[in-house]
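Hello,

Here is the structure I promised to pass on. My notes follow below it.

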Amino acid sequence: MKQSQLFTKTFKNVSKDDTSANAQLLTRGGFIQKLGAGIYSFLPLGLLVLKKIENIIREEMNVIGGQELLMPALHPKEIWEETGRWQTADYLYKLQDRQEKYFALGATHEEVITDIARKYVFSYKDLPLYLYQIQVKFRDELRVKSGLLRTKEFLMKDMYSFHASEEDRKEYYEKVKKAYVKIFERCGLKVLVTEASGGIFSKEYSHEFQVATPAGEDIVYFCPNGDFSQNKEIAGKKTGDKCPECGKTLEETKTIEVGNIFTLGTKYSNPMKAMFIDKNSSKKPIIMGCYGIGPSRLIGAIVEVHHDDKGIIWPEAIAPFKVHLIVIEGKEDKKIKDTADKLYQDLQAKGVEVLYDEREGKTAGEKFADADLIGIPYRAVISKKTLKENKIELKKRDEEKTKLINEEEFIKYVG
RNA sequence: CGGGGUAUAGUGUAAUGGUAGCACGAGUCUUUUGGGAAGAUUUAGUCCCAGUUCAAAUCUGGGUACCCCGACCA
């Protein structure tokens with residue numbers, strides 16, 4: 001894409017109100033725009049990142065048998081009354097239509113998915129079943145926080161699994177755990193797979209996927225060897241204790257929770273009568289699990305971890321573009337622009353995602369500063385300097401050094 | 001929800017109860033083009049509603065929005 005066509009511009013400064021790095025950098029770069037407290041638009045650049053993350057999640061969910069669907073965000077009161085949560089879930093946004101009928105904006109979808117399951121699952125032969133969606137959630141948070149890290153409206157990938165036996169559910173739980181670690185790795189994040197409370201769903205522990213960063217709001221005690229990690233909320237251990245697995249001294253860190261997996265058991269299938277007939281012809285409630293990742297929060301977490309004082313440093317797999325091509329023109333030398341134009345076309349022909357900064361009247365310094373802020377992994381420069389040697393200057397966003405290579409090498413490098 | 005704080009142009013700020021000003025940004029034109037260049041020119045603001053007063057950005061009351069700490073956080 002040509003940068004002159006991109007309707008967003010970068011800003012040198014944005015309101016100092018939003019102090020978090022992710023809010024500052026994503027706003028300055030033109031990825032997101034705040035509409036109100038905890039309510040953000042994703043602008044074209046931000047949406048490109050979001051789509052990449054969503055696709056990584058889809059791929060990994062599909063690998064473990066997930067089928068994607070899309071549930072409504074508007075939920076009739078009755079479905080939430082079936083589980084009693086119309087009364088107990090105080091984070092629910094509730095509203096009335098003109099006939100004074102009550103609705104909730106979906107904060108989570110156990111009720112809706114269980115309703116679907118009870119209409120399609122009859123026999124143990126219909127199980128197991130793994131359904132997921134990527135959809136907007138609404139939660140009436142008492143306090144929003146830190147840009148995309150805690151919002152009232154956010155995206156969630158929520159998967160729900162349905163099983164005939166507890167053993168099968170447990171086995172799948174471990175599968176999802178592995179898939180989640182892979183997703184976060186692909187997004188450029190190391191996560192601590194952390195024991196946490198089961199919340200209102202379950203007496204059993206759940207697992208949270210925690211990213212260590214000072215910007216986090218959770219506190220986790222973890223073993224540096226990676227054998228153990230526990231949320232402070234349930235901590236049986238503390239900093240300085242020995243790891244129960246390897247004996248190494250535990251450390252403490254602030255973290256951002258980017259994913260969470262839960263045991264549901266029959267908590268929803270029982271009250272909602274989602275039953276199946278087992279091999280012995282007896283009727284039993286379906287055993288369930290649920291698994292969530294917040295792609296929008298994930299973007300916030302990635303920026304918190306991957307940035308420097310100049311801007312964002314996107315991991316390659318989720319960057320909005322792979323190459324940021326910059327032309328530094330001299331008015332008198334049309335050949336520079338022609339060379340850059342041709343490289344842009346060649347890259348596109350090779351399927352390389354490229355943002356081409358061909359804006360006129362912008363100085364080299366401005367273009368470099370914008371490139372650093374936007375954070376595309378590879379920066380390619382065409383200028384008088386490079387033209388002289390008939391080369392392209394290549395620089396990685398996370399490195400200082402530049403190198404001159406020819407087009408063939410370049411395309412091989414980034415292609 | 002408890003506590004604290006802030007509301008003046010896109011951002012940052014100034015203005016004893018008496019002319020709303022400055023810088024940056026943004027727009028236009030020209031000259032520039034290897035780390036946010038220069039000149040000219042333009043643009044845009046007192047959160048809302050009442051009250052006090054000859055006069056309100058400023059004082060009073062109410063509301064709203066936003067930020068921070070805590071609690072909460074499937």
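Which residues have the most contacts inside the largest nonpolar core? They are I53, C187, V258, I286, L325, I376 and A380, in a core of 101 residues. A nonpolar core here is a set of buried Ala, Val, Leu, Ile, Met, Phe, Trp, Tyr and Cys residues joined through C-beta atoms within 7 Å. Buried means that 20 or more other C-beta atoms lie within 10 Å of a residue's own; exposed means 12 or fewer, and partly exposed is in between, with C-beta atoms placed from the backbone. α2 gives the largest share of this core, seven residues. Domain 1 (3-308) and domain 2 (321-414) both contribute residues, so the core lies between them.

Before you read on: this is a predicted model, where local features need pLDDT of at least 70 and side-chain atom pairs count only at pLDDT 80 or more, while totals for chains, interfaces and linings use all residues. Residues are numbered from 1 along each chain as its sequence is written, and chains are lettered from A and ligands numbered from 1 in the order in which they are written.

**Domains**

Chain A splits into the two domains, 3-308 and 321-414; the bounds come from an automatic or database domain assignment. Their centres, taken over C-alpha atoms, are 39 Å apart. Six residues of domain 1 and eight residues of domain 2 make the contact (C-beta atoms, placed from the backbone, within 7 Å). I376 touches W314, F321, H324 and R397, among others, leaving aside neighbours within four places in sequence.

**RNA strand B**

There are 47 residues around RNA strand B (C-beta atom, placed from the backbone, within 6 Å of the strand). G292, A364, G365, A369 and S383 come nearest. By class, this surface has 14 nonpolar, 16 polar and 17 charged residues. Ala, Val, Leu, Ile, Met, Phe, Trp, Tyr, Cys and Pro count as nonpolar, Asp, Glu, Lys and Arg as charged, and the others, Gly among them, as polar. α9 gives the largest share, eight residues.

**Helix α9**

Helices are DSSP runs (H or I, at least four residues), strands are too (E, at least two), and both are numbered from the N terminus. The buried residues of α9 are K367, D370, A371 and I374. They sit on the same side of α9, because they cover an arc of only 100° around the axis, taken from the directions from the helix axis to the C-beta atoms. Their packing partners include α1, α2 and β21. After α9 comes G375, with a positive phi near 80°.

Best wishes

Note on methods:
Contact = placed C-beta atoms within 7 Å.
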